[in-house]
Amino acid sequence: MEIISTLLISAAVVAIISLIRYVWKRRAFGRIMAEFAGVAPYYDEIISRYFMYYNRLSSEAKQKFLFRTFLFKKSKKFHYVEISESPEMPVLISAVAVQLTLGLDKYLLNYFRNIYVLREDYHYGHYSMPFMGHVDRSGIYLSWDNFLKGVEKASS
């Protein structure tokens, strides 16, 4: 009898925990979708200005692209080194990452939490040649002027 009571209590606890997780996930997803709905038109305006690729997508594919851009941006911490942040910067960087990973299921590049944006070419380590960007344990580094030139070149 004790075994049955223990099993029933365990099953009830598991069911309650599962229900709590389900409700929490639904609420969290609702908040994320509401936040996304608020920024989607702004993202669309920026991305459509710079990405011919994006402009050729179907409406459904554009929504997927925008949502992934939103989630990518939300999952990263952007640092601006010797450059003033503009609201377009993290959106464009996130959109490029999404374009590069669009066919993948795991597109957030979770290993990289930090993205460092520098104004122009920079020197790294003992190398004498300037860098336009690099990746290491601490994050993704890129020079904004080179990034923007690449985006503009790709869209022309």
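**Figure 1. T69 is a buried residue, with a relative accessible area of 0%.** Buried means under 20% relative accessible area, exposed over 50%, and partly exposed in between, for a 1.4 Å probe and protein chains only. T69 sits in helix α3, residues 59-75. Helices (H or I, at least four residues) and strands (E, at least two) are DSSP runs, numbered from the N terminus. Which residues does T69 touch, not counting residues up to four places away in sequence? They are Y43, I47, V91, S94, A95 and V98. A contact means heavy atoms within 4.5 Å.

The model is predicted: local features need pLDDT of at least 70, side-chain atom pairs count only at pLDDT 80 or more, and totals for chains, interfaces and linings use all residues. Residues are numbered from 1 along each chain as its sequence is written, and side-chain values use heavy atoms, with hydrogens and water left out.

**Figure 2. The protein chain has five helices and four strands.** Along the sequence, their pattern is α-α-α-β-α-β-β-β-α. The protein chain holds 156 residues, and 33% of them are buried. Take the contacts in the protein chain with a separation of 6 or more: 68% of these join residues 24 or more positions apart. The accessible surface of the protein chain is about 10,700 Å². Carbon and sulfur atoms account for 61% of that surface. Accessible areas come from the Shrake-Rupley method with a 1.4 Å probe; for residues, only the protein chains shown count as cover.

**Figure 3. L142 lies in strand β4, residues 139-143.** Is L142 buried or exposed? L142 is buried, with a relative accessible area of 11%. Setting aside residues up to four places away in sequence, L142 touches I93, I115, Y116, V117, L118, M132, G133 and F147. D121 is 21 residues from L142 in sequence. In space, C-alpha to C-alpha, L142 and D121 are 8.3 Å apart.

**Figure 4. Helix α5 covers residues 144-155.** Its 12 residues, at 1.5 Å a residue, should span 16 Å, and the end C-alpha atoms are 16 Å apart, which agrees. The expected span is 1.5 Å times one less than the number of residues. W144, N146, F147, V151 and S155 are the buried residues of α5. They lie on the same side of α5, because they cover an arc of only 165 degrees around the axis. The arc is that of the directions from the helix axis to the C-beta atoms. On the other side of α5, K149 and K153 are exposed. An α-helix has 3.6 residues a turn, so residues three or four places apart point the same way.
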